Amino acid sequence: MSQQNSGGANPAANTLKLKVGGRFGAIDPSAIAKAEAALKSLSGNFAQWLQDEVVKLEGARARVRAEGVNAETMEQLYLRAHDLKGLGTTYEFPLITRIAASLCKLIDDKDKRLAAPMTLVDAHIDAIKASVRDSIKTDDHPVGRVLIQELEAKVAEARA
C-alpha cells in the first residue's frame, strides 16, 4: 500500500528529492558526468595507489613488531587499516574494504586495542596482501568469501 497525497505523488519521494537537490540546488547531471569521467581517467593509477596503501599498512605492522604493541604503534596500524577501509572499493577492491573494516573493528577500541590478538591482526594484513597479489576483488570469489567469513567470525569471537 502506498500513501499518496492529493497530487498522486509519494510524499516520501518528494521529501527525498528536496533533500538531494529537488527544486532548490539541484545537482547538475553534467557535473556528475564530469566527476565520473575524472574518476575513470584516474583508474589506471588505482593499482599503484592501492599498493602504496598496502606498503604503508605493512610498514605499520613492521613498526609494531620492532617497537612492540603500544598505543602509538597500534594507532598507526589502525589509521592505515582505516585508510584502506575507505579506499578499497574506490580502488576497485571491495573485498579489501571489507577486510580492512574487519581489522578496524578488531582494533578500534583504544582501551582494548593493545590486547588484540596479533595473530588475527596479521591474518587481516596477510589477507589484504593476498587479495592484491591474486587480484581477488570481491567476496564473490570463493577464496575471498572464505577469507572474509573466517576473519569476521574470528573478530566476533575476539570481541565477545
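Tutor: Partly exposed means a relative accessible area between the buried limit, under 20%, and the exposed limit, over 50%. Keep in mind that this is a predicted model.

Student: Why is K56 called partly exposed?

Tutor: K56 has a relative accessible area of 41%. Buried needs under 20% and exposed needs over 50%, so K56 is partly exposed.

Student: What makes E53 buried?

Tutor: Its relative accessible area is 10%. The cut-off is under 20%, so E53 counts as buried.

Student: How do you know that K56 and E53 meet in a salt bridge?

Tutor: Their N to O distance is 3.2 Å. The rule asks for within 4 Å, so the pair qualifies. K56 and E53 are three residues apart in helix α3, so about one helical turn separates them.

Student: What makes R61 and D126 a salt bridge?

Tutor: The N to O distance is 2.9 Å, and the limit is 4 Å. This pair links distant parts of the chain, with R61 in helix α3 and D126 in helix α6, 65 residues apart. R61 is buried at 3%, whereas D126 is partly exposed at 39%.

Student: Why is the pair of W49 and Y91 called tilted?

Tutor: The ring planes stand at 50 degrees. Stacked needs under 30 and edge-to-face over 60, so the pair is tilted. The centres are 6.0 Å apart, and the pairing limit is 6.5 Å.

Student: How do you know that the charged end of R113 sits over the ring of Y78?

Tutor: The charged end is 4.7 Å from the ring centre. The distance limit is 6 Å. The rule also requires a position within 35 degrees of the ring normal.

Key. Residues numbered from 1 in each chain as written. Predicted model: local features only at pLDDT ≥ 70, side-chain atom pairs only at ≥ 80, totals over all residues. Heavy atoms only, no water. Salt bridge = Lys/Arg side-chain N within 4 Å of Asp/Glu carboxyl O. Helix = DSSP H or I, 4+ residues; strand = E, 2+ residues; numbered from the N terminus. Buried < 20%, exposed > 50% of the residue type's maximum accessible area, 1.4 Å probe, protein only.
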